[in-house]
Amino acid sequence: MTQLPDLDLPEDPKLSHNIIHFARALRKAGLAIGPGRVIDAIRAVEAAGFSRKEDFYWTLHACFVTRPEQRAVFGQVFRLYWRDPRYLEHMMSMLLPSVRGVQEERKARAAEKRAAEALLEGQQPDELPEQPEADEVKIEVDASQTTSLQEKLRTLDFEQMSTEEIAAAKRMIARLKLPVQPIRSRRMQAATTGHALDWRRTIQASMRRGGEVHELALKQRRTRWPNLVVLCDISGSMSQYSRMVLHFLHAVANEKGAGWAKVHGFTFGTRLTNISRHLRRRDVDQALALAGSEAQDWEGGTRIGECLHLFNRDWSRRVLGQGAVVLLITDGLDRGDAAALSKEMERLHLSSRRLIWINPLLRWDGFAPKAQGIKAMLPHVDAFRAGHSIASLEALAEAISDAQDRGEKDRLMAMMAEG
């Protein structure tokens with residue numbers, strides 16, 4: 001059972017106002033809470049009453065929590081709001097990792113940081129009310145030039161980011177979108193302004209009028225949305241980039257109206273792991289924690305050819321049908337059989353509508369396709385792009401929307417031909 005702190009309510013608590021502000025904090029932390037649920041919560045507390053903190057907790061829990069993944073967020077926000085000042089100070093120490101908290105150092109559980117950020121509402125540590133504490137050391141944080149810092153984060157290499165910068169980058173990635181253009185199907189549908197005559201509907205309408213044709217029915221080609229399939233390398237050389245890409249993939253998978261029919265995610269290192277069902281969870285911390293626990297080969301070796309063979313054999317027919325777009329995120333440093341890798345890449349390319357290779361090594365000005373794995377893979381991709389920063393992830397929208405985009409492939413293919 002969730003451990004709850006003692007409730008420290010003032011003499012005139014104005015409980016309804018506190019519940020309203022608590023609901024706002026939950027909404028900032030990602031729970032879909034509207035005015036109706038807030039009213040229901042106030043009425044429920046008024047009707048049920050409470051003499052113990054557990055009763056109050058579960059009354060609000062019944063009103064605000066509708067999904068299993070929301071329980072962790074609710075529990076953390078409840079603990080912070082009703083109220084544990086020492087815990088809030090510890091959460092601030094995790095938001096600013098360079099400053100040690102007053103409690104013992106430990107890893108944050110799922111949703112803890114997000115709960116603290118929701119309650120802070122964008123405030124900096126120096127803007128928070130001071131807690132009376134003996135021998136307390138006051139810490140000031142300069143939050144000037146926030147815009148320039150965000151611009152710096154956009155182009156900063158993921159591997160060069162500090163812990164604080166990584167946390168800020170994850171928040172920026174969560175707001176990224178990856179729109180896609182619909183695919184025109186060969187099937188037709190009725191339309192008022194179509195470009196082709198629909199003789200079947202025209203004749204059917206005329207038969208109902210005794211064979212007289214009053215108007216011509218029109219039709220046009222249907223449109224449908226493609227699937228997005230992401231194959232992400234989680235080997236030791238790609239671990240930091242993979243974590244950021246998976247944050248981006250989670251944001252895309254949970255973005256409503258982005259255009260993708262389905263989003264499928266796979267991780268590979270020494271084996272292939274399907275993490276698609278975890279990405280559908282709303283809570284990003286819980287989703288990535290479950291994905292990481294299932295992918296046992298995290299930060300291990302790399303067997304790109306063997307993993308692509310498993311994907312082509314077991315999954316390609318299931319997820320690559322009807323014009324799927326494939327994002328392959330890997331550095332291409334594979335020591336296996338280059339001929340087998342080339343064969344699997346060719347099969348993957350033929351099965352997908354577009355195959356886009358995202359390689360963080362492309363960030364180096366002197367990058368050249370010298371490794372055997374890169375030479376075997378490069379001819380079989382439609383576009384070759386860098387994937388080391390937020391700006392490079394934003395550029396994916398251009399690569400996916402433009403069928404003619406090839407990134408750096410042509411330049412590197414010319415280097416291979418000269419070599």
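Q: Which residues form the nonpolar patch on the surface?
A: In general, patches are made of residues with over 30% relative accessible area and no salt bridge, where like charges are joined within 9 Å and nonpolar side chains (Val, Leu, Ile, Met, Phe, Trp, Tyr) within 5 Å; a salt bridge is a side-chain nitrogen of Lys or Arg within 4 Å of a carboxyl oxygen of Asp or Glu. Accessible areas come from the Shrake-Rupley method with a 1.4 Å probe, and for residues only the protein chains shown count as cover. Here the patch consists of Leu197, Trp199, Ile203, Met207, Val213 and Leu216, which together have about 630 Å² of accessible area.

Q: What kind of model is this, and how are its residues numbered?
A: This is a predicted model, in which local features need pLDDT of at least 70 and side-chain atom pairs count only at pLDDT 80 or more, while totals for chains, interfaces and linings use all residues. Residues are numbered from 1 along each chain as its sequence is written, and side-chain values use heavy atoms, with hydrogens and water left out.

Q: What pLDDT does the chain average?
A: pLDDT is the predictor's confidence in each residue, from 0 to 100, and the chain averages 78, with 80% of the residues scoring at least 70. Over residues 122-146 the pLDDT is below 50, and this stretch has 17 contacts in the model beyond near neighbours in sequence, a contact meaning heavy atoms within 4.5 Å.

Q: Which helix gives the largest share of the nonpolar patch?
A: Helices (H or I, at least four residues) and strands (E, at least two) are DSSP runs, numbered from the N terminus. The largest share, 3 residues, comes from helix α9 (residues 199-207), and isoleucine 203 lies in this helix.

Q: In what order do the 3 strands of the open antiparallel sheet stand?
A: Two strands pair if DSSP finds at least two bridges between them, and in this sheet the order is β1-β3-β2. The edge strands are β1 and β2, each pairing on one side only. Strand β1 (residues 183-191) pairs with β3 (residues 218-224) over 6 bridges, and methionine 188 stands opposite arginine 221 in β3. Lysine 219 in β3 is the bridge partner of alanine 190 and is also the bridge partner of alanine 196.

Q: How many bridges join strand β4 to strand β5?
A: Strands β4 (residues 228-233) and β5 (residues 263-268) run parallel and are joined by 6 bridges, with valine 230 having glycine 265 as its bridge partner in β5.
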